[in-house]
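User: I would like to learn how to read pairing, packing and contacts in a model such as this one. Could we go through a few features in turn, with the general idea before each case?

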Amino acid sequence: MLPENISTFGHLVDNLILIIFVITLMVTVLAFGIIIYAVIRYNRNSNPHTTYKFGPFISKIIYLDAAMIVFDLIIAYASVSGWAHVIMRSRSDLISEHKEYVDVRIIGRQFFWSFNYAGLDNKMDTNDDFIIANKLVVPIDTLVLLNLTSGDVIHSFFAPHLRLKYDAIPGRSMDVWFKATKTGSYEIACAELCGAEHYRMKAKLEIVTKEQYKSWLNERSGALSVR
Amino acid sequence: MEHTIDEHGSHGGFVSRYVFSQDHKVIGLQYLITGLIMALLGGIIAVIFRSQLAWPNREVLSPEAYNSFVTMHGTLMVFWVAMPVLIGGFGNFCIPLMIGARDMAFPTLNMLSYWTFFLSSIVILVSFFVPGGAVSAGWTAYAPLSVDARFTGVNWGMSLWLVALILEFASMLMGGVNYITTIFNLRAKGLTLMRLPMLVWMEMIAAVLFMFSVGPLIAGGGLALLDKSIGTHFFRVTAEGQGDPVLWQHLFWFFGHPEVYVVLIPGLGIIAEVITACGRKALHGYKAIVYSTIAAGVLSFVVWAHHMFVAGLNPLLAVGFSITTILISIPFFILSVAFGLTLWGGSIRITSSFLFALGGYLIFIIGGVTGLFLGAQTADIYLHDTYFVVAHFHYTFFSSIIMGTIAGIYHWFPKMFGRKMNETLGKVHAVGTFIFYNLFAFPLFFLGLAGHPRRYSSALEYDFLAKYQWIHHLATGAAIILVALQIIFIYNFFKSMFTGEKAEKNPWRATTLEWLAESPPVHGNWGNASPVVENGPYEYSVEGDSDDFRPQGKLIPTHVKH
Amino acid sequence: MSKLFPLGITIIIPLGVIFLILSFPLTSNTGPKSFDPKVFQTDEIELLTAKISEVDSLLTDSILPILADLKGSKEGADKLEQNMMKMKAELANFKHILPKGQNNNKIDELLALVPGDQAWLDEIQDFILLQSSLNNLKIRWEPDIQRVQKGQRMYKQLCMTCHGKNGDGVPVTPEKSVTVPADAESSVLQVRPRDFTGITHKDKKVVFKFISTEREYSPALEDDLRNTIKSGLPGSPMPGFTSLSQEEIDALVDYIKTFAYLTWKYGNVNPKVYVSPKPPHDLEAKVRIDKGRQAYLTLCMACHGDIENGKDPEKDKTVDWVDSSGKPIPIMPRNFAFEPLKKGKFQELFNSIRLGIQGTPMPSNPSLSDEDTWDIISYILHLRKMANEGKLPHKKN
């Protein structure tokens, strides 16, 4: 059911969901089996008499609980390691790791996404910045640094194919990143209720080759260096 | 029994006996009925907005109205159904009977609690009809969307929502104080804490959780009201960057997470009562259940930020909150195992109340395990605010609020009205509710995995969602049938109230103290006798006994001082 | 009865608290203004259609016969006065639809007059002349209601948050940016969003900054609006709505025009479109830059500042726009070196220098030769390069 994964860290999310799914499926099927068996086997007709027994509960629970704790540890480990890779990385670390990157400042507004590009010089707040609405164009295999904020209410930047979601909160700015692995056209949604048109707050995510991106940037850049 | 044996409500006319009554049983029923009416309203609202989801092109609701309906569905179901029914209704009705008291410790406070709640219900219902309509910022009312009328067009609706919420909390606080005092001070002779029936424990833990958690939200609600009406900026952001909307989320969820346990664990208490009485077997691991519920309650105060993993929390903080969240699965796992072991080896009477309890138990297991997906913060990046969350909390809430409540109603109906409910209709109702609930809610997990965000009034806008429209059709169809099925219950409820089979004192042959009283109990519960407790709450099928149950205590005649 | 006493108190106290709290929004001026969502419901479009036809019938059925009847006679004047009285009330309803500027002021004056005195009759004469001249204008645009409805939904989704629910440029954003403060950089929206109704203009005129026609031509061409919607205005929060289809942009433009319905309806049919020449190839030549510097220092520096020597443009440059309290809203001259240009392509910049920018102190320079204009552009290009290389002194704010 998960949409196609197109980011470098998407598999961490997918695998974690798969791990938890396997564990919970096991536990649930086992529990349902036992309970339903118990209800059928030990109903009034098949088991008219029961005995009062208060056997030590601890002896029964201890192994089950140990198993549960192991499951929990597996989940927690996978989750924390994924988190460390996806969210817990500072902007400066990411920049020093990657030579080239694309910097995009995203402002959520009722009810569209406004993507501020740094332009040709890849520096924000210079004279070749430009803004486009509802369309995020990024090159493939390149670090994309997103700086999220909002102009009015809380929005949430959600790109399901990238497995990325982060809130855009007025008065705060949040840094997230991604690196796409596949070209194509995808969708970006708003995941936090932001008003009446919340469900239409949709943007396009276009992942293009590096050459295409370069020429697109040249074409869009509002600086005087283009004809 | 230092408390004066005044038979509350036994004097005076109809009004002071049944309307402004101080009798805990009348108040409990008032809570119960008010809550059930609200539940019906919430269900009908749900059907309407689910129709919009299934057929978005027909414009069943405008986007504004859709948001309003979704918000009010959540609000009503959590604050005006779960709280009054599980805490107000069963708490009031069962606690004094189960601990052998004649009434609550503070009967007048109890009455005030109900009428404050009643007032809050009126305020929240009025909010539908004020200019701008009811609040439409989600039941979590995230600022700044909720605190500024310009963002949604809702002005009065939000003010009334906050006022109603504050009143409702005040009411539930009065109730909570009462429960705790009553349980600690008015227990019958011989009823030690570890002999309390599980429902009483659960109600007590819920009341304590509620008392500890609600303060921040009442304060937050007040601040939000100030933001809205006199233009302060606690939660709104000015151009200078003053004010912080995330503060509201902290205040809300610091209350919100204990709150979901407040409405969950009394339901589990009811399930425990029902499965022991119907399984003819002691509750296995009584102490383990008590301790793990307390542990879950304590843990619930340190997990609130798992609702805010992607809300710009310090990432390191999210790690801690994620671990506590995953840890909380352990007490509930112990609790589930204990219930399972209680069923194992029993001699189960399959009554409608048992079917509801079993259904609630199974639904709770699904709700519990899916919580792991959301507690693991990396999976939550993707699943946060999608239909997966919706399905998860419907599974946990439904198990307690609907299945638990209805199991409780079938179970204690003879005690409430002196008549039994129709079992055949009850079983049809139970099986139907279970099947159609699952048909409605289970597909939503898949919708969530597909990345469908919550609170969208139409999925057709998105290519990656449009192909799952059939799930909306399925869920809406099942939801309509689910709500329609409750007609059976309403019919059964009122028909049995007047023409049902007469019930004796102890129709289920259960052990706890309330079954020693008359059905329905007289004002003052025990007449000229007082219960004295001799053994534990669940002494079923004790070897050597002629009968398969041993009542927890017996009634000793006392001299009533007038 | 004594038992009911605490109950009474519990009910009365919360009720009192509720009314106390709820009375705040009624008494307080600092609270947010109430929002009327009705404006954006579909029946509003029906209302709009009805109003449009009413205004039309008013013009053709009432004004023109009166004009024919008048002919200076006493009876004619009496009859006219009667009709005008009837229309007076109706006119008040249409005020926000009628063309802004002169006409609207006229109506205001008319409404303020006491019938019967000499001025009243004179005013009627003027008014009739005005209306007939309006009728002589050819209809250049009629709204297509379906398109307008579509545009309305899109406006609500994409534009309302900044341009306001009434299209008057009052944003649905944090307080401060509702009116642009003197230190404009610190506001969330650095510039005031366009007012499509003309209500904040000092002459109540609908004005668009970047047009490709002669300066006095109002309003803009539809193509100019389309261009701006598509490419955005860099250096302001206005993004380019690149993902919209042509059809959607047309719908949006149609809806925006309904904010000043009659202005657009009776606009000039054949505006003179200005087509700028192709830029020369030697824009980076040193000679051009030097010539351009000279021209800049004489023509532009007074407002835009001597950027090369670290002098930023002057703030608070104009008073063409007023906010609701009548306070002028300043407009900032662009800093060519450090800020993005709203219309930054060579030919667009050429247009702006040649034609000026409407609604700002930027004048048109029709006497400037093509070559001189390119020299200035060449100098601006030079400035921007220097800025990018970090060679210019710049005191940000």
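Analyst: Two strands pair if DSSP finds at least two bridges between them, and the strands themselves (E, at least two residues), like the helices (H or I, at least four), are DSSP runs numbered from the N terminus. This is a predicted model, in which local features need pLDDT of at least 70 and side-chain atom pairs count only at pLDDT 80 or more, while totals for chains, interfaces and linings use all residues. Residues are numbered from 1 along each chain as its sequence is written, and chains are lettered from A and ligands numbered from 1 in the order in which they are written.

User: How many bridges join strand 6 of chain A to strand 9 of chain A?

Analyst: In general, strands of a sheet pair through backbone hydrogen bonds, either parallel or antiparallel. Here two bridges join strand 6 of chain A to strand 9 (residues 184–190) of chain A, and the two run antiparallel; A:Cys190 in strand 9 is the bridge partner of A:Phe157. Strand 6 of chain A is also joined, by five bridges and again antiparallel, to strand 7 (residues 164–168) of chain A, where A:Ala168 stands opposite A:His155. Strands 6 and 7 of chain A form a hairpin with four residues between them, and A:Arg163 in the turn has a positive phi of about 55°.

User: Which residues of strand 6 of chain A are buried on each of its faces?

Analyst: A residue is buried if 20 or more other C-beta atoms lie within 10 Å of its own, exposed if 12 or fewer, and partly exposed in between, with C-beta atoms placed from the backbone. In strand 6 (residues 155–159) of chain A, five of the five residues are buried: A:His155, A:Phe157 and A:Ala159 lie on one side, and A:Ser156 and A:Phe158 on the other.

User: What is the strand order of the open sheet of five strands in chain A?

Analyst: The order is 3-2-1-5-8, with mixed pairing. Strand 3 (130–133) and strand 8 (174–179) of chain A stand at the edges with a single partner strand each, so one side of each is left without a neighbour in the sheet. Strand 8 of chain A is joined by six bridges to strand 5 (residues 143–150) of chain A, running antiparallel, and A:Val144 stands opposite A:Phe178.

User: At what angle do the axes of helix 4 and helix 6 of chain B cross?

Analyst: Axes are lines fitted to C-alpha atoms, for helices over the stretch in contact, and angles run from 0 to 180 degrees between N-to-C directions. The axes of helix 4 (residues 107–126) and helix 6 (residues 156–185) of chain B come within 8 Å and cross at roughly 160°. That makes the two helices of chain B roughly antiparallel, since angles over 145 degrees count as such, those under 35 as roughly parallel, 65 to 115 as roughly perpendicular and the rest as oblique.

User: Where does B:Pro443 lie, and what is it in contact with beyond its neighbours within four places in sequence?

Analyst: Two residues are in contact if their C-beta atoms, placed from the backbone, lie within 7 Å. B:Pro443 lies in helix 15 (residues 423–449) of chain B and is buried, with 20 other C-beta atoms within 10 Å. Leaving aside those neighbours, B:Pro443 is in contact with B:Ile471, B:Leu474 and B:Ala475.

User: How many residues of chain B are in contact with chain A?

Analyst: The contact involves 83 residues of chain B and 74 residues of chain A. Helix 11 (residues 329–343) of chain B gives the most to the chain B side, with 10 residues.
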